Amino acid sequence: MIQIDLTGQVAVVTGGSSGIGLATAELFLRAGASVAICGRDSERLAQAEASLKAQFPDAKLLAQTCDVLDADEVNAFAQAVQTRFGRTDMLVNNAGQGRVSTFVDTTDDAWREELDLKYFSVIRPTRAFLPMLRDASGSDNTAAVVCVNSLLALQPEPHMVATSSARAGVLSLIKSLAVELAPQRIRVNSILIGIVESGQWRRRFAKEAQPGQNWEDWTAELARKKNIPLGRFGRPEEAAQALFYLATTLSSYTTGSHIDVSGGVARHV
Ligand code: NDP
C-alpha cells in the first residue's frame, strides 16, 4: 500500500459523524493529519468523536455541530478550524442525503429543498474555507476540495428525480470551480458513488426490511435487484479511499475530474 504522511496538514470533513465521512476522517487521522468534522446532531457527533479518539488517542481532532446549509454555522466552523489548527489543506464536502421521489411526487418545496441541499452543501463550505485553502496551497497543488457526488449525476434514476437533477448540476459546478481555482493551485474533484452502506441505508433497512430479514440478506437482495455488477453494496471505507486519493498529492495532477465508486453500475463508456 502507498503510504503518505499528512503530518502538519489539516483535513476538514463535513458530515464526518457517520458513514463515508467518518471513514474518511479515520483515513486522514491514520495518515497523521489534523482533522475537523461536523454534523447537525450533537449526540451522533459526540459518538463519532469518541470512537475516533478511542482509535487514535493522540489525534488532533475538532468536532463541531454545524448545518452546512446555515451560512453562520459554516463560517463559525471555519473560524473554529482556523483558531484550533491555523490552516486547511483539504476540504471534503460530504454532508447530505438523498431524496427518493418521482416527478409526480415532488412538490415545489421539495425541489427547492433538494437543490438547496445539493448546491449549498458544496457552495457554503467551499466559500468559507477558501481563504485557508488558498494560504495552504503549495507548489505541488497540496490544497484540494473533494465532493461526494453520486453516479446519478450521469445516470439519472426516475425514482430520485430531484436528487439526480441536482447531482448533475453539482458535477457541472465542480468542473467550473476546478478551472477557476486552478491558478490558485487548489484542485477540485469528486467521487460518483453508487450504493454505499451507511447511516442512510441503515435507516431505510429499519423502515423497509421484512420481519426477520437481516441486513446481509436485505442488502444482497437489493444489490441483485439493482444489477450491481460487483454484487454488493460498497463499504464506506471504499468511498473514503477514493476521497483520500483525490484530497492528497497522490492525485496532484488531477482536477475537475471524478472517480466512479459504483461497483460497476455506470453503463456509459
Ligand atoms: P450518512 O447518513 O451515514 O452520513 C451523512 C452525514 O452527513 C452525517 O454525518 C450527517 O450528520 C451529515 N449531514 C447530513 N446533512 C447535513 C447538514 N445539512 N449539515 C451537516 N451535516 C449533515 O450517509 P452517507 O455516508 O451515505 O452520506 C455521505 C454522502 O454521500 C451524502 O452526501 C450522501 O447524499 C452521499 N451519497 C450516499 C450514497 C449511499 O449509497 N450511501 C449514494 C449517493 C450519495 P447529521 O445528520 O447529524 O447532520
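The points below start with the basis of the model and then go through its parts.

1. This is a predicted model, in which local features need pLDDT of at least 70 and side-chain atom pairs count only at pLDDT 80 or more, while totals for chains, interfaces and linings use all residues. Residues are numbered from 1 along each chain as its sequence is written, and side-chain values use heavy atoms, with hydrogens and water left out.

2. The ligand is surrounded by 29 residues (a heavy atom within 4 Å of the ligand). Ser17, Ser18, Arg40, Asn94 and Ser198 are the closest. Polar contacts (N or O atoms within 3.5 Å; within protein, one must be able to donate a hydrogen and the other to accept it, and residues adjacent in sequence count only if both atoms are side-chain atoms) reach ligand oxygen atoms from a polar side-chain atom of Ser18 at 2.5 Å and from one of Trp201 at 2.7 Å. The protein buries 95% of the 880 Å² that the ligand exposes when taken alone (Shrake-Rupley method, 1.4 Å probe).

3. Elements giving two or more residues to this shell are α1 (19-30), β5 (143-150) and α6 (199-208); helices (H or I, at least four residues) and strands (E, at least two) are DSSP runs, numbered from the N terminus. The most comes from α6, with four residues.

4. The count of salt bridges is eleven (a side-chain nitrogen of Lys or Arg within 4 Å of a carboxyl oxygen of Asp or Glu). Arg87 and Asp89 form one of them, at 2.7 Å from N to O. Asp89 is buried at 1% relative accessibility, and Arg87 is partly exposed at 31% (buried is under 20% relative accessible area, exposed over 50%, partly exposed in between; 1.4 Å probe, protein chains only).

5. Glu113 and Arg99 also form a salt bridge, with their closest N and O atoms 2.5 Å apart. Glu113 is in helix α4 (residues 108-136) and Arg99 in the loop between β4 (90-93) and α4, 14 residues apart.

6. Where is the nearest opposite charge to Arg167? Arg167, in helix α5 (residues 161-181), is buried without a salt bridge, and the side chain of Glu114 is 6.1 Å away (Lys and Arg count as positive, Asp and Glu as negative; His and the chain ends are not counted).

7. Arg187 lies in strand β6 (residues 186-193) and is buried, at 3% relative accessible area. A polar atom of the Arg187 side chain lies 3.1 Å from the backbone oxygen of Leu246.
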